[in-house]
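Open the model in your viewer and keep the selection panel at hand. The tour starts at a helix pair and then widens out.

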Amino acid sequence: METVQELQLQTRAEGREPNSSENEPSTPRFKHYKWWLRVSLYILFLLAGQSAATLLGELYYNKGGNSKWMATFVQSAGFPILLPLLFFFPAPTTATAATTTAETTTLAFIYLSLGLLLAGDNMMYSYGLLYLPVSTYSLLCATQLAFNALFSYLLNSQKFTPFIVNSLVLLTISASLLAVNSDSENTTSISKGKYAIGFLCTIGASAVYSLYLSLVQLSFQKVIKRETFSAVLEMQIYPSFVATCVCVVGLFVSGDWKILGKEMKEYKEGDASYLLTLIWTAISWQICSVGLLGLIFEVSSLFSNVISTLSLPVVPIFAVIFFDDKINGVKVMALLLAVWGFVSYIYQHYLDDANLKARKANSSVVSGAHIEIV
């Protein structure tokens, strides 16, 4: 008798499934398409902003710019253009009212620490652009994936898989090839010592950038605990404000502010081009930040870091066109290894996403069958 009842319950469940699915509106599927559209738009912002900012930074140095503090300043100084978004995406009133003094102090410490970290990261990137060809600089940035895997394992409980290990090995070999490739670069005006400084600073900047994103993700998980767009904007704006203040102090302490007038007058393309280069560099970095923030909001910080490496094959191509950078056999091999490592990393994300969907589908079937039997 019990067996007959179970069969009847199963038959009724199977009979209701088609009807329920037919009566469901198409809104969820439409929302899914909108989500992909937003993610695609954020990816475009990230790739376009990062590529343009990198090329404009190289243009600044090639045409007579020499202030590392100014190059660092423009990487964070454009944050005011994000302020209007706070009015369109305000923080929830309940979340604001529930914030205690202790939580406010903790958030202030987090923003201050991340801002100082961001300033150091931007400075190292500036040294890298100054002392390295833009194509080499861009390819060295591929190591941020390897560092991201490491910090995600230590801070965000990321598990190592064969594909991630494969990515680490390939990116390490790619960076090593570029390290021994200084003799074949167009660096007649740059000593080997400065080339080494640029190489180490770019590697260090990639590591700090990965650490920064992992700490942001950790802050969302442990402290902020609300992944709203306003929270992500605040995470970008406040550390950028701190980083900009550090750069302003650095400009005055180092004395670079005294030479900015002379630097602008001696700029090869003229005063107007000097100002436009700095302004558009700052805007490009903020476009990049909007894409980065959007991907953190819609997906995760790990995914945003992975997508940012997609600009690696793009920047060297434009560098050859606009800056006469050399593409030799060693650099091509390094590029291919970097792309291979990137694809391996992306494939691991594809597998994780497929497994997650399968687990959700299985859990839905099990829970549905359990409800019917009860």
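Predicted model: local features only at pLDDT ≥ 70, side-chain atom pairs only at ≥ 80, totals over all residues.

Select residues 229–254, helix H11, and residues 271–298, helix H13. Helices here are DSSP runs of H or I with at least four residues, numbered from the N terminus. The two pack at an angle of about 140°, with axes 10 Å apart. Axes are lines fitted to C-alpha atoms over the stretch in contact, and angles run from 0 to 180 degrees between N-to-C directions.

Residues are numbered from 1 along each chain as its sequence is written, and side-chain values use heavy atoms, without hydrogens and water.

Now show the side chains where the helices meet. From H11, pick Phe-229, Val-232, Leu-233 and Gln-236. They meet Gln-286, Ser-289, Leu-293 and Phe-297 in H13. Contact means heavy atoms within 4.5 Å.

Next, select Cys-247. Is Cys-247 buried or exposed? Cys-247 is buried, at 0% relative accessible area. Buried means under 20%, with a 1.4 Å probe and protein chains only. Move to Cys-288: also buried, at 6%.

Look for disulfides, meaning cysteine sulfur pairs within 2.5 Å. The count is zero. For Cys-247, the nearest cysteine sulfur belongs to Cys-245, 9.2 Å away.

Finally, zoom out. The protein has 16 helices and zero strands. Of its 374 residues, 44% are buried.

Key
Buried < 20%, exposed > 50% of the residue type's maximum accessible area, 1.4 Å probe, protein only.
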